[in-house]
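Hi,

Here is the structure I said I'd pass on.

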Amino acid sequence: MSVQVENLEKNMAKLTVTVSADQFEKAMQAAYMKQRKRINIAGFRRGKVPRAMIEKVYGPEVFYEDAANSLINESYPAAMDESGLEIVSRPDIEVTQIEKGKEFIYVAEVAVKPEVKLGEYKGVTVKKAEISVTDEEVDAEIENTRNRQARTIDVTDRAIKEGDTAVIDYEGFQDGVPFEGGKGENHSLEIGSHTFISGFEEQLIGKNVGEDVEVNVTFPEQYHAAELAGKTALFKVKIHAVKAKEIPELNDEFVSMVSEFETLDEYKEDVKKQLLKRKEDAAKGAKEDEAIQKIIDASEMDIPEPMIDMQCENMIQEFEARISQQGLTLQQYMQFSGTTIDKMKENLRPEAIQRIQSSLVLEQISKEENIEVTQEEVDEQIQKMASAYGLSGDKMKEIMSDEDKENIERNLSIEKAVDIIISNSVEVEEENKENEAENS
């Protein structure tokens, strides 16, 4: 295999990968072995048709797709390494030569990690945070805890109201005809959660267990299913059960149930300390974000589009993992919210760019400051992760990939870069910051 690299504009590059004719022949033979049981030719038993006969009848092209996919999957990682480039996108691949007996050639267009021209990163001014916790905030936090400790009870003596969870069957009809994706059984729907199409949940309020309800809705104009966008629909709903939360009383018994304390006063004082710590952490994060954004604004970098696209895709995968823990698929979320993958990417784009810019700037600062991460620091971080999963440090190392360990080292390096920024930042009062902005 050989790789030729051509640098393009806007931090893009083209890799021309050439695989020998011998390797291509091996891939063709593997494709034949994979496909032969599916190919029928009169006079031969299934799976016993010689490759030469198949190629005579159908042409060698019948094996090209499998052979090409196999060779690309096998050769591209090695081509990345051989190129010496820091590739930050998935490849856009085009096969440029595929012919029996000849070399197999394909071109992979990729985004390359952009260079960063750093602005001043020491002496950055940040807003000084004034941190306090009010009695009202303490009460609200305790109320949230009471709601989390609520037990679920079946409701049989009243109608549905907001906050209840209705267990329903539903089926949607458009002009009297059921539509795809509009049917569900034994679905738990929290009234007021706004997870269904606007107007659906409100029409269940006042209804009772056992009732059959007809719910009329209008799909959003920008709904992901074009055939339903802006259209009215009728849902036939069967209410199987209604469940409600029973919130515990606020007393010493509740305190002993949710904390290590015995009295309400002690518990309130601890809640206040926790809220203060949370606000301090949030203020620290806000200070870091403000300082990093100022450095980004003072720096120069040209981010290639495919890098942004991949970041958006990664963020959608993160979101999909989060909602899956709630029993919701990405397809269901898009259906109920009326969005699409393209719209999600569009909405995520500003945050994706900001994430990339932050990462690039912090990595560059790490280089400028010659930041080093010791093996002991990496091992300490792995041990923390192992403890969270109830594993030993050695076992955690065993199951981690080299890439996982490299990411830990990279993250520790970035943390040190952030520490340098913050330790050299200057806190100013809000009024001074306004004056500074006017004078700049």
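**Rings, a charge and a strand**

The charged end of Lys236 sits over the ring of Phe173, 5.1 Å from the ring's centre. By that I mean that NZ of Lys or CZ of Arg is within 6 Å of the ring centre and within 35 degrees of the ring normal.

Before you go on, a word on the source: this is a predicted model, where local features need pLDDT of at least 70, side-chain atom pairs count only at pLDDT 80 or more, and totals for chains, interfaces and linings use all residues. Residues are numbered from 1 along each chain as its sequence is written, and side-chain values use heavy atoms, with hydrogens and water left out.

Now the aromatics. Searching the whole structure turns up 15 aromatic pairs. Rings of Phe, Tyr and Trp (its six-membered ring) pair if their centres lie within 6.5 Å; planes under 30 degrees apart are stacked, over 60 edge-to-face, and the rest tilted. Take Tyr170 and Phe200: their ring centres are 6.4 Å apart and their planes meet at 80°, so this pair is edge-to-face. The pair links distant parts of the chain, 30 residues apart: Tyr170 is in strand β7 (residues 165-174), while Phe200 is in the loop between β8 (177-190) and β9 (212-218). Strands here are DSSP runs (E, at least two residues), numbered from the N terminus.

Phe200 has another edge-to-face partner in Phe196, at 4.9 Å centre to centre and 65° between the planes. The cut-offs are under 20% relative accessible area for buried and over 50% for exposed, with partly exposed in between (1.4 Å probe, protein chains only). One aromatic cluster takes in Tyr170, Phe179, Phe196, Phe200, Phe219, Tyr223, Phe235 and Phe336.

Back to β7, which is mostly covered, with seven of its 10 residues buried. It pairs with β8 in the antiparallel sense over eight bridges; two strands pair if DSSP finds at least two bridges between them. Glu171 has Lys183 in β8 as its bridge partner. Two residues lie between the strands of the β7 and β8 hairpin, where Asp175 takes a positive phi near 55°. β7 also pairs with strand β10 (residues 232-246), again antiparallel, over nine bridges. There, Gly172 has Phe235 in β10 as its bridge partner.

Cheers

Conventions:
Helix = DSSP H or I, 4+ residues; strand = E, 2+ residues; numbered from the N terminus.
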